[in-house]
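Hello,

Here is the structure we talked about handing over. Please have a look before you read my notes.

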Amino acid sequence: MIRFSNVDVVYPGGFQGLKGVDLTIDKGEFVVIVGLSGAGKSTLIRTINGLVPYTSGELTVGDEVVDPTSKGKIRRLRSSVGMIFQSFNLVTRISVLNNVLVGRCSSTPAWRSLLGWYRAEDKELAFQSLERVGIVDKAYNRASALSGGQQQRVAIARVLAQDPEVILADEPVASLDPPTAHRVLQDLRRINRELGITTIVNLHHLEMARKYADRVIGMRGGEVVFDGPVEEATDAAIEEVYQRSLTAGDAAPESAAH
Amino acid sequence: MSDSSSKTPQNPPTPGGESQPTTGQYKPDMLDARPVKPSKLGYNIALLVLGIVFIAAISATGADWGRLVQLPGNMVNYFTLMGQGVAQPLTAEVQQHWLSAFDNMLESVQIAWIGTVVGALFSLPMGFLAARNMTPLPLYVVVRFILSVIRAVPEIVFAIAIMLPIFGLGPLAGALALGISSIGTLSKLISEAIEGVDQGPLESARASGATQVQMIRWAVLPQIMPEVIAIWLYRFEVNIRASAILGVLGAGGIGSLLSALFGVRAWDRIGITLVVIVVVTIIIDQISAWIRHRVIHGAPKKEARAARERDDSDGVGVPPAGAHPI
């Protein structure tokens with residue numbers, strides 16, 4: 001489904017985001033990527049939908065080679081690859097329904113979306129997406145009137161409205177409280193199971209990663225340093241990814257001890 | 001962890017009787033680790049330069065401040081005449097004066113309104129072209145340059161140099177002159193609003209395959225529209241004053257009336273006209289300011305907050321059992 005062969009990403013400033021990544025992700029997998037901040041998790045995810053162009057190697061999504069230089073091809077790719085973000089990225093001043101309909105943009109003619117005149121079947125799809133995340137009663141509310149967890153579920157509905165083959169989630173629960181975070185991840189997990197959508201999630205929380213993932217990928221310095229089924233992602237294995245103890249931050253520094 | 005939790009906050013035994021009884025770990029030599037206060041030299045120099053420029057500007061105007069104190073005697077005389085004009089009993093003739101002042105003021109407001117609408121129509125697309133995050137660099141530079149030229153030229157010059165040969169000097173010329181000159185400032189302010197837009201919604205729209213036009217429509221416009229409307233309204237307020245001045249040059253409206261009255265030194269009617277100008281301008285300013293406030297800050301703030309608090313307590317995402325697969 002998604003295949004990285006020796007993919008490098010070098011940012012314009014010269015920073016190397018990914019180093020020789022080789023990775024194959026099968027259809028319907030629920031993959032969680034772990035690693036410290038700056039390890040290249042976001043870069044990996046954003047390479048898949050072309051938000052970050054890769055600079056060498058080859059990346060295929062579905063049957064198509066991702067071509068960061070072709071605007072049209074990238075747009076077609078993005079229409080089948082949905083993405084949700086840490087900060088939800090909803091347009092807070094428009095209604096929940098209109099936010100979800102942004103997911104239909106790629107298959108809507110320009111004049112229709114300019115006037116906000118979506119086809120009936122697009123609206124139906126948007127409503128079904130909202131129903132799937134249990135938030136359809138808020139369809140006509142302004143997005144700003146929703147709580148964080150609700151906003152993230154609207155973002156999931158927007159992605160579902162794209163009818164995607166892949167869902168990318170970049171730290172989707174990092175700004176949510178734990179119970180809400182679990183609810184959002186449960187939604188993603190359920191959608192992954194029910195619709196067979198390949199799902200790739202960046203997470204900081206190990207317990208959450210273990211609870212929801214089929215497969216865990218560990219990253220450090222832009223490289224994939226761990227890749228295995230969730231059962232193999234033991235504390236020892238993750239400490240190896242982090243190159244430090246999981247509780248390192250808890251230990252009191254020498255100078256402060258008395 | 002365990003020893004820190006057993007520590008009691010009050011009354012810890014501090015060996016040596018140091019001046020910080022509450023924190024056991026405190027050591028005076030930690031002072032060395034404190035950062036040095038950042039220099040404010042640049043800020044202070046800027047303040048000083050500003051002060052010098054201000055004083056220099058005052059002295060450069062060469063105004064004779066002494067004369068400000070001794071108001072010319074005839075000025076008092078004129079004000080008295082104007083006051084008498086405003087206070088005189090409403091005979092049919094005086095009523096006529098008030099009505100004609102009001103009619104002319106309405107014409108000025110109309111001129112200002114047409115000018116604002118013209119400016120508003122063009123300023124939105126121009127604002128996008130002048131926003132660095134929406135437009136390729138070469139086009140951006142060109143548009144910015146055109147806009148700054150427009151802003152540098154006073155309305156009066158537009159009215160005389162461009163509109164006069166085409167339309168003759170009248171209300172239409174005045175309105176169009178105001179319109180062009182509005183485009184300059186409005187586009188600049190709108191482009192700044194666009195540049196300050198939250199990038200998050202743009203990124204999510206881009207990630208779902210939206211085109212540039214769709215991103216503008218659904219991610220940028222909803223964010224900037226309240227600010228844009230406020231900017232337009234504010235320009236309307238400015239244009240009302242500007243149209244009165246253009247009128248003095250013959251572009252119609254209250255300014256034309258005023259200059260005619262000055263010609264015949266009809267101080268009583270000048271007083272009436274000035275009162276009409278001030279009252280109408282204040283009323284429109286107040287209404288416009290109220291609308292701007294509503295648009296920017298949103299109307300029912302209390303309700304929105306209450307709704308959010310209500311939602312936070314439930315918000316459980318149980319999907320309906322029979323949800324269709326999509």
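Predicted model: local features only at pLDDT ≥ 70, side-chain atom pairs only at ≥ 80, totals over all residues.

Residues are numbered from 1 along each chain as its sequence is written, chains are lettered from A and ligands numbered from 1 in the order written, and side-chain values use heavy atoms, with hydrogens and water left out.

Chain A has domain 1 (1-80 + 167-244) and domain 2 (84-163). The bounds come from an automatic or database domain assignment. Over C-alpha atoms, the centres of the two domains lie 24 Å apart. Domain 1 of chain A puts 23 residues into the contact and domain 2 of chain A puts in 15 (heavy atoms within 4.5 Å).

The two domains bury about 1,500 Å² between them, 60% of it on carbon and sulfur atoms. Buried area is the accessible area (1.4 Å probe) that two parts lose on being put together, summed over both.

Two salt bridges cross this interface (a side-chain nitrogen of Lys or Arg within 4 Å of a carboxyl oxygen of Asp or Glu). Arg132(A) forms a salt bridge with Glu194(A), with the closest N and O atoms 2.5 Å apart.

On the domain 1 side, helix H2 (71-79), strand E7 (166-169) and helix H7 (178-195) of chain A each supply at least two residues. Helices (H or I, at least four residues) and strands (E, at least two) are DSSP runs, numbered from the N terminus. H7(A) gives the largest share, nine residues.

Best wishes
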